[in-house]
Amino acid sequence: MEFEFSLLLSLSVSALFFAAAQRTTHPAELVAIRAFQDYWDLETWNRTIDPCTENAPWSLETANPRLACDCSSYPNNTCHVTHLKIYALDIKGGLPKELFDLTELKDLNLGQNVLSGSIPPEIGRLSKMQYLSLGINNLSGLVPPELGNLTQLISLSFSSNKFSGALPKELGKLVSLEQLYIDSSGVSGEIPQELANLKSLAIIWASDNLFIGKLPEFLGILTDLRDLRIQGTLLEGPIPNTFSGLTKLEDLRLGDLTAADSSLFFLENLTSLSTLSLRNSRVAGEIPAKLGEFPNLKYLDLSFNKLSGQIPESFQNFKYLEFLYLGSNNLMGQLPVKLITPTLVALDVSFNPLSAELPLNNARPGLALNVVGTSLNTNGLYDRSAGVFHCFREDDSCKKDGTYLSFSVNCGGTDQTSASGVDFYDDSEILGPASLYVSSDHQWGVSNTGVFISNPGGPRYTAITESQITGTLESELYKTARISPSSLRYYGFGLKNGEYNVELHFAEIVMDDDSGSWKGLGRRLFDVYIQEERVLQDFNIVEEAKGWKRAVIRTFRTNVTNSIMDIHFFWAGKGTCCIPSQSTYGPLVSAIHIFEDSQRSGSSTKGDRKRIGAVVGIAIGSAAGLLIVSSIFYLWWTKDSTGRIRVDTDSPRKQ
């Protein structure tokens, strides 16, 4: 009897101990979890088990969805949800208000879904939040000022959404913030001065927004910044001198500034830089020699600016530089003899009045080189156009009228004849991060500038799809395309002077067309110039074609007055950076068809093209090559009758 009593007592104590030790989710939070679990149709969490059960499979750091709790910091083994991750699972709908009953949350990651609607003001209840990611969704409305209540935030991301209006000044209360990702978020207006309080910021991504006003001087007092990216906005220069205090910067990307010129002297103490891009920022004056002493620099892009003087001799001292872009400036004189260092992968000095000889090691295997629009002696550089670069010296014999009446190119693809009889030439040549290709008949050429810097192993400057292209009877023509992270130019050579029609063919074949997935939220925006007149600004293929993998044609009329045609596809810093993969989505074009305006049918037949080709072959023979580079240089160097520069010696401008 005594034994039975002792056993019973022992079992009772054990039961009481087990009951006391059992972890249970706070009742209000359990209700909230079940509510958004139903709303988002999440079946991962077993409803028969308490969400905060110890060692539950969904609590592991690698789990997705993930729900993790803290039970040790609260009395009576009551557990509170501290981590919630529902990442890249294409959940749809809005943000249910029950979500904000999880007031102990420290880490909320809802990135890369298809969430829509606004952010409720109840988000301000999550005052213990440290990491908040809402990036890559369809959220809209104003960014709520209640985010300012989350004063313990270390990282905040709401990039790649469809918000509107200005950033709330209350963000200036987030004094612990170290990372701010708001690129492509849709916000506009001036950047609030209150952000000057965020002295702990190390990362700011703010590109592709409708910011106005001057580039803020207060950014220069955020001296912990290591990564600053502001491209593709409506901000005005100059780059403030206060930026000279950002000595911890490793990655600086400013671009597409307007209104006022900037100098480069703010850079002299920023010796920690590894990536520096000031592309299309109205940077003027000379390049400081000290820049060549930066020990960590791997990527330098100063293209499409107003730089003058010579390339510093110190640029021969770079130890790790891989990509050097200085094109479309006013740099003169000779290239430093040892400018092509052992580590250099790409060099672009195109459209500068440079002269003399290329460095002796310019033919080094693996080096991508573009010197179009210079007076550099390029003998032996371009095998298919050997000798023609003498025209860069403005030889009068290179300025005569041409003979061709049309040309057509299947961008990124092979020879193809359309149903209407147009021959589209092969354009499958592999281009690199600084390249020029001239067709074997010297009738057209293509040049590329830029590297997919955030994903150098990604896109290879051409795209291809096996999908059918809708909206056209010429589906095969759109299954290939040329793409570029920066600047893509097509040139027509030897054209008879007169009026021409320019047909540009597009279809978005790179970005995903799944409207039910976050992968369908990407945006590609670029500008198009024909004969240096901007004809398309912020062109969005998907919007214009009303769908992915759907063809759209844009037709323009232009004049040829010096036997050449220049069509420039230019990325102005806009569009999403990271959908469906980390990269820059610059210009894309599927095909180009140029024909004399007198050809009323809108196309040249195959027979016409062969006849024209025969006439041209008799008329110009080997002089065709000479005419090509004359055309390129003449385009860059001369003015038309109105005095307008015909190719950028300044950066492309927003009118």
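Buried here means under 20% relative accessible area, exposed over 50%, and partly exposed in between, computed with a 1.4 Å probe on protein chains only. The model is predicted: local features need pLDDT of at least 70, side-chain atom pairs count only at pLDDT 80 or more, and totals for chains, interfaces and linings use all residues. Residues are numbered from 1 along each chain as its sequence is written, and side-chain values use heavy atoms, with hydrogens and water left out.

R482 counts as buried because its relative accessibility is 0%. The residue is found in strand 31 (residues 480-483). Strands (E, at least two residues) and helices (H or I, at least four) are DSSP runs, numbered from the N terminus. The side chain of R482 makes a polar contact of 3.0 Å with the side chain of D427. The R482 side chain also reaches the backbone oxygen of E429, at 2.6 Å. A polar contact is a pair of N or O atoms within 3.5 Å; within protein, one must be able to donate a hydrogen and the other to accept it, and residues adjacent in sequence count only if both atoms are side-chain atoms.

Aromatic contacts were examined next. The structure holds 17 aromatic pairs. Rings of Phe, Tyr and Trp (its six-membered ring) pair if their centres lie within 6.5 Å; planes under 30 degrees apart count as stacked, over 60 as edge-to-face and the rest as tilted. Y490 and F569 form an edge-to-face pair, because their planes stand at 90° with ring centres 6.4 Å apart. This pair links distant parts of the chain, 79 residues apart: Y490 lies in strand 32 (residues 487-492) and F569 in strand 37 (residues 565-570). Y490 is buried, at a relative accessible area of 1%. F569 is buried too, at 0%. Y491 and F493 form a stacked pair, with 6.0 Å from centre to centre and 10° between the planes. Y491 counts as buried at 1% relative accessibility, and F493 is buried with a relative accessible area of 1%. One aromatic cluster is formed by Y437, W444, Y490, F506, F526, F539 and F569.

Five of the five residues of strand 28 (residues 434-438) are buried, so the strand is largely enclosed by the rest of the structure. Strand 28 pairs with strand 29 (residues 444-449) in the antiparallel sense over five bridges. Two strands pair if DSSP finds at least two bridges between them. A434 stands opposite T449 in strand 29. The hairpin of strand 28 and strand 29 has five residues between the strands, and H442 takes a positive phi near 60° there.

Strand 33 pairs with strand 39 (residues 591-596) in the antiparallel sense, over six bridges. L504 has I592 in strand 39 as its bridge partner. The loop between strand 33 (498-506) and strand 34 (526-530) holds G520. G520 counts as buried at 11% relative accessibility. The C-alpha atoms of G520 and V114 are separated by 9.2 Å, although the residues are 406 apart along the chain.

The other open sheet consists of three strands in the order 18-20-22, paired in parallel. Strand 18 (284-285) and strand 22 (330-331) are its edges, each with a single partner strand, so one side of each lacks a neighbour in the sheet. Strand 18 and strand 20 (residues 306-309) pair over two bridges. G285 stands opposite L307 in strand 20.

The structure holds six cavities of 30 Å³ or more. A cavity is a set of points, on a 1 Å grid over the protein atoms alone, where a 1.4 Å probe fits but cannot get out; lining residues have an atom within 4 Å of a point. The largest cavity has a volume of about 360 Å³. Its lining comprises 28 residues, of which Q231, R253, W571, C577 and T584 are the closest to its centre.

Notes: On a 1 Å grid over the protein atoms alone, a cavity is a set of points where a 1.4 Å probe fits but cannot get out, and a pocket is an open set with protein on both sides within 12 Å along at least five of seven lines; lining residues have an atom within 4 Å of a point. Grid points are joined across faces, edges and corners, and a volume is the space filled by probe spheres set on the points.
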